[in-house]
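The structure comes first, and the notes follow.

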Amino acid sequence: MLYRPEDFEPITDEAWSEEHVRDAIHEVVADVDSAFRGPRLFWQADEWDGWQATSPMKNLYVGTAGVLWALDALRRRGHAETKLALPNLALRNLELFRARPDYMRVEEQPKQRASSLLCGEAGIALVAWRLAPDDALADDLLALVRANVASDADDVMWGTPGTLIAARTMLEWTGDERWRAASNGAADALWSRRRADGLWTQHLWGEAVEYLGPAHGLVGNAQAIRPLLDDERRSSLERETAAILERTAVVEDDLANWPTYENGQLTSVDGQIRLQWCWGGAPGIVAAAADYLDEELLLAGAELTWRAGPHRDEKGPGICHGTAGNGYAFLKAFERTGDELWLERARRFAVHALGQVARLREERGRGRYSLWTGDPGVALYASNCLDGRSDYPFFDFDAVR
């Protein structure tokens with residue numbers, strides 16, 4: 001069995017309507033604006049997002065920084081205009097994080113946790129610089145990037161790959177050669193820790209493991225480092241990573257899924273078979289490795305994602321482990337093949353995810369305010385479906401432009 005059917009629901013019968021989708025994106029932004037509780041409380045965190053952490057959540061993953069970045073991205077793309085003063089709020093958010101970080105209290109975290117792109121100060125400072133450029137802020141971020149070069153986390157969420165993304169992004173935004181040096185230094189260090197078998201070992205939460213997925217493993221690291229490698233190393237990385245993904249794929253007929261771990265079974269210790277973007281499974285593998293993954297495997301992974309359908313409410317509509325995140329597999333398949341079928345499927349998932357957002361907002365009496373797990377991420381995914389873009393936030397370089 002490649003997935004658990006009980007974890008998914010039938011896709012909506014509602015047809016794609018550009019007008020409806022644009023209206024839904026505006027509704028998300030309007031709700032985010034109206035739910036703002038002021039420059040000390042920001043947004044009320046969902047229970048899952050704020051579990052064992054200090055409120056308000058401030059980080060890029062499930063906190064204020066991600067919401068501000070999403071609002072700015074939607075504005076820059078011409079999809080919706082927030083009424084909030086984003087630059088002031090970004091600086092205030094950074095100030096609050098420095099005074100009271102929102103790390104989960106029960107996790108064993110890397111020593112240099114402040115440098116984490118998704119959960120630490122680095123991601124918050126990156127968003128703050130984007131919205132309110134400042135030389136001192138750039139200096140602080142550069143110090144965080146440099147401090148993370150030797151991290152043995154070796155994943156995008158906490159480790160060198162994440163701060164490598166931050167450095168590349170700052171180079172694009174500023175043209176400052178300091179960021180080129182920082183990017184190259186981080187890429188060389190990450191490359192040096194790549195094992196002879198083409199994998200990286202992640203030292204996370206007291207364990208040493210080899211993950212395959214984007215947020216914590218192989219394909220996310222490859223995504224971060226590929227643009228900075230010379231032709232020879234890039235070719236080697238793509239060839240060897242594609243071979244690992246071919247070896248680890250679990251294939252039945254014309255469908256394929258991947259385990260969370262390099263040597264793992266599809267069924268994890270918690271009984272789940274993951275079919276989502278973050279930890280592993282076909283949607284994340286396809287979205288991150290679409291440029292070099294064997295096309296037959298890419299289509300088999302995307303086809304499984306379509307046949308499974310949207311996630312139920314336990315995982316929700318978001319881009320991390322929910323419906324919209326899975327939809328990126330279709331956008332990547334469309335980009336790779338040019339087959340309009342995949343764009344149509346991506347848009348069907350967008351309509352469904354936006355419907356989940358509206359229904360859950362009505363049931364709960366409020367939206368969910370985060371980039372990866374909440375409504376702003378779904379709005380960004382829907383905007384990609386409108387524009388025919390496939391870039392996944394931060395992991396794909398085009399997303400930061």
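How do the residues of the lining of the largest cavity divide into nonpolar, polar and charged? They divide into 6 nonpolar, 2 polar and no charged. In this count Ala, Val, Leu, Ile, Met, Phe, Trp, Tyr, Cys and Pro are nonpolar, Asp, Glu, Lys and Arg are charged, and the others, Gly among them, are polar.

The model is predicted: local features need pLDDT of at least 70, side-chain atom pairs count only at pLDDT 80 or more, and totals for chains, interfaces and linings use all residues. Residues are numbered from 1 along each chain as its sequence is written, and side-chain values use heavy atoms, with hydrogens and water left out.

**Cavity and pocket**

On a 1 Å grid over the protein atoms alone, a cavity is a set of points where a 1.4 Å probe fits but cannot get out, a pocket is an open set with protein on both sides within 12 Å along at least five of seven lines, and lining residues have an atom within 4 Å of a point. Grid points are joined across faces, edges and corners, and a volume is the space filled by probe spheres set on the points.

The whole structure holds 1 cavity of 30 Å³ or more. The largest cavity has a volume of about 40 Å³, and its lining consists of W43, A45, M57, V62, G63, T64, V67 and Y369.

The largest pocket contains about 1100 Å³ of space. Of its 49 lining residues, W48, Y61, W279, H321 and T373 lie nearest the centre. By class, the lining of this pocket has 22 nonpolar, 10 polar and 17 charged residues.

**Backbone geometry**

Helices (H or I, at least four residues) and strands (E, at least two) are DSSP runs, numbered from the N terminus. The S55 to P56 peptide bond is cis, with omega near -5°; P56 sits in the loop between α1 (18-35) and α2 (64-76).

Buried means under 20% relative accessible area, exposed over 50%, and partly exposed in between (1.4 Å probe, protein chains only). W205 is partly exposed at 26%, while F394 is buried at 2%.

**Helix α1**

The 18 residues of α1 reach 26 Å from first C-alpha to last, close to the 26 Å expected at 1.5 Å a residue; the expected span is 1.5 Å times one less than the number of residues. Buried residues of α1 include V21, I25, V28, D31 and D33. Their cover includes α2, α13 (340-364) and α14, where contact means heavy atoms within 4.5 Å.
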